[in-house]
Amino acid sequence: MRHTLSRPLIASAFTALALTGCTAPPGPTPPAPVPSGPGTTEPAPTTTVELGEPFRLYTHCGIRYTRYADRDWVADEPADDPTRAPGPDGGTRYDGYVSGRMARVDDHTLRFTVDPGTTTGGPSVVTFRPTTDPIPLCE
């Protein structure tokens, strides 16, 4: 027994498949207009924030230096080793590192952002610049 489909049904199916295959994925949503003066609107400024990649910053000797992308870096504003925040069980864990995200802002700037809830006190963002000085041992 031979099955045949009607030509209008085949044409409809083909058209539906062709149209779904040709649609582009949705692009970024344009910024919402914001008032910029009486009766005028301009698009809201857009900002792309690079969050960086997960990184464990060695802080046992304080926040002064780091090694990233085969290069040595020095903190713009050195800081003491931050106090670790208690975990869900109420205890603290200390291994000499702080978890966060490292972003390369440009060739001469790194930005380390501490994961929220990891530390109490101390900086939440640290900026580093490249250095050719050797990283000293802990004092």
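## Order of elements

Along the sequence, the protein chain runs α-β-β-β-β-β-β-β-β-β-β. That is 1 helix and 10 strands. Helices (H or I, at least four residues) and strands (E, at least two) are DSSP runs, numbered from the N terminus.

The protein chain has 139 residues, and 20% of them count as buried. Buried means under 20% relative accessible area, exposed over 50%, and partly exposed in between, with a 1.4 Å probe and protein chains only. Take the contacts between residues at least 6 apart in sequence: 49% join residues at least 24 apart. A contact means heavy atoms within 4.5 Å.

## Model and confidence

This is a predicted model, in which local features need pLDDT of at least 70, side-chain atom pairs count only at pLDDT 80 or more, and totals for chains, interfaces and linings use all residues. Residues are numbered from 1 along each chain as its sequence is written, and side-chain values use heavy atoms, with hydrogens and water left out.

pLDDT is the predictor's confidence in each residue, from 0 to 100. The protein chain averages 75, and 64% of the residues score at least 70. Among the elements, strand E10 (residues 125-130) has the highest mean pLDDT, 97. Strand E1 (residues 33-37) has the lowest, 40. Residues 9-49 have pLDDT below 50; beyond near neighbours in sequence, this stretch has 19 contacts in the model. Where pLDDT is low, the predicted coordinates should not be read in detail.

## Aromatic pairs

A pair of aromatic rings is described by the distance of the centres and the angle of the planes. Rings of Phe, Tyr and Trp (its six-membered ring) pair if their centres lie within 6.5 Å; planes under 30 degrees apart count as stacked, over 60 as edge-to-face and the rest as tilted. The count comes to 3 aromatic pairs. One of them joins Phe55 and Tyr68: the ring centres are 5.6 Å apart and the planes at 70 degrees, so the pair is edge-to-face. Phe55 sits in strand E3 and Tyr68 in strand E4, so this pair ties together parts 13 residues apart in sequence. Both residues are buried.

Phe55 also pairs edge-to-face with Phe112, at 6.2 Å centre to centre and 70 degrees between the planes. Phe112 belongs to strand E8 (residues 109-114) and Phe55 to strand E3, so the pair ties together parts 57 residues apart in sequence. Phe55 and Phe112 are both buried. Phe55, Tyr68 and Phe112 form one aromatic cluster.

## Pockets

On a 1 Å grid over the protein atoms alone, a pocket is an open set of points where a 1.4 Å probe fits, with protein on both sides within 12 Å along at least five of seven lines; lining residues have an atom within 4 Å of a point. A volume is the space filled by probe spheres set on the points, which are joined across faces, edges and corners.

The largest pocket holds about 270 Å³. Its lining has 13 residues; Cys61, Gly62, Arg64, Tyr65 and Pro136 lie nearest the centre. Strands E3 (53-58) and E4 (63-68) are the elements that each give two or more residues to this lining. E4 gives the largest share, 3 residues. By class, the lining has 8 nonpolar, 2 polar and 3 charged residues. Here Ala, Val, Leu, Ile, Met, Phe, Trp, Tyr, Cys and Pro count as nonpolar, Asp, Glu, Lys and Arg as charged, and the others, Gly among them, as polar.
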